[in-house]
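I opened this notebook to record what I looked up in one structure. The entries follow the order in which I worked.

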Amino acid sequence: MPFNLLLFPLVGGYYILIRFRYLRYVQYRLESQRILLNSAFAGILLLGACFILRAIFIAIWPETVEQLSKLLPIHAPYFGTTSLSLLVAVAATEIANLFINRLKAIKRAIATSGNEFELLLSSSFFDAHLLQFTMDSGKFYIGWVKELPKPFTTSYIRITPAFSGYRKADDKELVFTTQYLTVYASYIEDGSVANTDELKTDLVLKADKINSISFLIWICITALIRHKKKHPNPFSDYIFSRFLF
């Protein structure tokens, strides 16, 4: 077999790793050299599977296989088998992705190989846990992660803010300055949006400007209860129950 034909299964293996949803989100977290090595292993397995398919087809439809081989643009040993490996990789991957939920695949990848930063973001995104983001400037935001950033692709985090404020310089105590939940409630009250999923109030944070991330549910509940007592509003009750319980 000419060695240049091995490029087909190698590309096929790489395609599977970067496109198959149960694998691609894990590969994002690996070094480029590791991805190349994994592509070679996947290509070997892919080529082996194609050789098995070739043997089966020859045993069942020998005349058909011979006719198809004559139609190939290049008449070289094993050209059909190696090129088939790339076609099989693309077709099988795209068909399999139709039956795989993207978000479930992301959650599974983060659970198995995610770092502490990604695990916290995942808990907020999938389980609606409130997170506190403290920035290098001393500003803080409390909210829900709206979209998980792709590893090594984007350095920004999109959140739906619930509170914001700053930390005191002396004791780092949280000082709340902005409460977004009543704004969301007013949007729903006047019919601007039908539900909270339609709110266009996302906030984008630069990941390398974040000093720390932590769970902060109890402070938010306390602040909400305090605000509800001062400003009774049935739509604030809706927001409170929608996000916190």
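**Entry 1: aromatic pairs.** How many aromatic pairs does the structure hold? I found seven aromatic pairs; rings of Phe, Tyr and Trp (its six-membered ring) pair if their centres lie within 6.5 Å, and planes under 30 degrees apart count as stacked, over 60 as edge-to-face and the rest as tilted.

I looked up Phe-20 and Tyr-22 among them. Their ring centres are 6.0 Å apart and their planes stand at 85°, so this pair is edge-to-face. Tyr-22 is partly exposed, at 34% relative accessibility (buried means under 20% relative accessible area, exposed over 50%, partly exposed in between, with a 1.4 Å probe and protein chains only).

**Note on the source.** I note that this is a predicted model, in which local features need pLDDT of at least 70, side-chain atom pairs count only at pLDDT 80 or more, and totals for chains, interfaces and linings use all residues. Residues are numbered from 1 along each chain as its sequence is written, and side-chain values use heavy atoms, with hydrogens and water left out.

**Entry 2: Phe-163 and Phe-176.** I found that Phe-163 and Phe-176 also form an edge-to-face pair, with 5.4 Å from centre to centre and 80° between the planes. Phe-163 belongs to strand 3 (residues 156-167) and Phe-176 to strand 4 (residues 174-179), so the pair ties together parts 13 residues apart in sequence. Helices (H or I, at least four residues) and strands (E, at least two) are DSSP runs, numbered from the N terminus.

Is Phe-163 buried or exposed? Phe-163 is buried, at 2% relative accessibility, whereas Phe-176 is partly exposed at 33%. Together with Phe-140, these two residues form one aromatic cluster.

**Entry 3: helix 1 and helix 3.** I looked up how helix 1 (residues 7-19) packs with helix 3 (residues 32-60): the angle is about 115° and the axes are 7 Å apart. Helix 1 is therefore roughly perpendicular to helix 3 (65 to 115 degrees; under 35 counts as roughly parallel, over 145 as roughly antiparallel and the rest as oblique).

Which residues meet? Pro-9, Tyr-14 and Leu-17 are among those of helix 1, and the residues of helix 3 include Ile-35, Asn-38 and Leu-47.

**Entry 4: Asn-38.** I then looked up Asn-38, which has its place in helix 3. Asn-38 is buried, with a relative accessible area of 17%. Leaving out residues up to four places away in sequence, Asn-38 touches Leu-17, Gln-27 and Leu-30, where contact means heavy atoms within 4.5 Å.

Note on methods. Axes are lines fitted to C-alpha atoms, for helices over the stretch in contact, and angles run from 0 to 180 degrees between N-to-C directions.
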